[in-house]
Amino acid sequence: MKFFVDTADINEIKELAATGLLDGVTTNPSLIAKSGKEFVPLIKEICDVVSGPVSAEVAATDYATMRKEAEVLRKIADHVAVKVPLTPDGLKVCKELSDDGTMVNVTLCFSPAQALLAAKAGAAFISPFVGRLDDISSDGLNLIQDICLIYQNYDFDTEILVASVRSPMHIIESAKMGAHVMTSPASVIKQLYKHPLTDSGLAAFVEDWKKTGQSIL
Ligand code: E4P
């Protein structure tokens with residue numbers, strides 16, 4: 001499973017990139033607003049740090065303006081994935097850009113039917129939002145299961161990018177289903193390292209090593 005981080009905070013991105021475990025970045029207009037930085041230069045800065053796909057989302061909702069914005073975004077770097085909403089106009093832009101060799105991430109997916117449309121439009125990534133479905137007492141992980149089944153049935157190339165991830169459980173359950181990618185806040189990625197038995201086991205090893213009076217170096 002590939003790990004993307006869902007943030008526009010360049011320091012968080014640099015810190016995670018240094019672990020060697022980061023495969024890409026996703027941003028959205030809300031995250032850009034939170035960063036307080038200018039959009040296009042920020043995406044360029046992120047692209048200089050991360051060599052995997054960096055999602056940059058269009059701001060418009062009509063076809064003509066989205067198409068123009070997409071032109072600006074895809075010129076930033078070859079590894080920019082232009083993010084478009086799952087609407088008829090968004091999928092029209094998706095089809096054109098995908099046919100032209102640009103990666104497209106179709107966002108705001110909440111149903112298997114929408115995911116099927118995105119795959120038919122040639123999306124490189126479909127972003128089903130598991131956390132936001134859970135928030136309304138639906139089952140976000142059921143959506144991942146359904147999309148995995150549909151994409152396998154037709155051998156679609158579109159990668160399932162599990163989004164709106166709120167916990168390690170979302171990641172592990174999606175990985176068991178075979179989802180290709182997950183994107184989460186840095187805090188959730190950091191939670192993956194954690195286990196109380198690792199902490200207590202390490203503390204015991206450190207204490208016992210001291211008793212040996214030895215040094216490896
Ligand atoms: C995905 O690309 C979105 O940016 C993101 O995962 C949304 O997450 P949220 O529901 O926590 O805002």
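**View A. Glutamate 207 is partly exposed, at 42% relative accessibility.** Here buried means under 20% relative accessible area, exposed over 50% and partly exposed in between, with a 1.4 Å probe and protein chains only. The model is predicted: local features need pLDDT of at least 70 and side-chain atom pairs count only at pLDDT 80 or more, while totals for chains, interfaces and linings use all residues. Residues are numbered from 1 along each chain as its sequence is written, and side-chain values use heavy atoms, with hydrogens and water left out. Glutamate 207 makes a salt bridge with lysine 210, and their closest N and O atoms are 3.0 Å apart. A salt bridge is a side-chain nitrogen of Lys or Arg within 4 Å of a carboxyl oxygen of Asp or Glu. Lysine 210 counts as exposed, at 56% relative accessibility. Helices (H or I, at least four residues) and strands (E, at least two) are DSSP runs, numbered from the N terminus.

**View B. Glutamate 173 and lysine 176 form a salt bridge.** The closest N and O atoms of this pair are 3.1 Å apart. Both residues lie in helix H9, three residues apart, or about one turn of the helix. Glutamate 173 is partly exposed at 25% relative accessibility, whereas lysine 176 is exposed, with a relative accessible area of 62%.

View C. Elsewhere, a network of salt bridges links Arg67, Glu71, Arg74, Lys75, Glu96 and Asp100. The structure holds 15 salt bridges.

**View D. Strand S5 pairs with strand S4 and with strand S6.** Two strands pair if DSSP finds at least two bridges between them. S4 (residues 80–85) and S5 run in the parallel sense and share four bridges; proline 85 stands opposite threonine 107 of S5. S5 and S6 (residues 125–128) are also parallel, joined by three bridges. Here the partner of valine 106 is isoleucine 126 in S6. Five of the six residues of S5 are buried, so the strand is largely enclosed by the rest of the structure.

**View E. Helices H5 and H6 each take part in a right-handed β-α-β unit.** In one unit, helix H5 (residues 88–99) goes with S4 and S5. In another, helix H6 (residues 112–120) goes with S5 and S6. A crossover is right-handed if, with the strands pointing away from the viewer, the path from the first strand over the helix to the second runs clockwise.

**View F. Leucine 108 and serine 164 have a positive phi without being glycines.** Leucine 108 is found in strand S5 and has a phi of about 60°. Its relative accessible area is 33%, and leucine 108 is therefore partly exposed. Serine 164 has a phi of about 55° and is found in the loop between strand S7 (159–162) and helix H9 (168–177). At 10% relative accessibility, serine 164 is buried.

**View G. The largest pocket holds about 250 Å³ of space.** Of its 17 lining residues, Asp6, Asn28, Leu31, Arg132 and Ser164 are the closest to the centre. Helix H2 (29–35) and strand S5 (104–109) are the elements that give two or more residues to this lining. A pocket is an open set of points on a 1 Å grid over the protein atoms alone where a 1.4 Å probe fits, with protein on both sides within 12 Å along at least five of seven lines; lining residues have an atom within 4 Å of a point. Grid points are joined across faces, edges and corners, and a volume is the space filled by probe spheres set on the points. The lining divides into five nonpolar, eight polar and four charged residues. Ala, Val, Leu, Ile, Met, Phe, Trp, Tyr, Cys and Pro count as nonpolar, Asp, Glu, Lys and Arg as charged, and the others, Gly among them, as polar.

**View H. The second largest pocket has a volume of about 190 Å³.** Among its lining residues are Asp6, Leu31, Lys34, Lys37 and Pro185. Helix H1 (10–17) and H2 each supply at least two residues, and H2 gives the most, with three. By class, this lining has five nonpolar, two polar and five charged residues.
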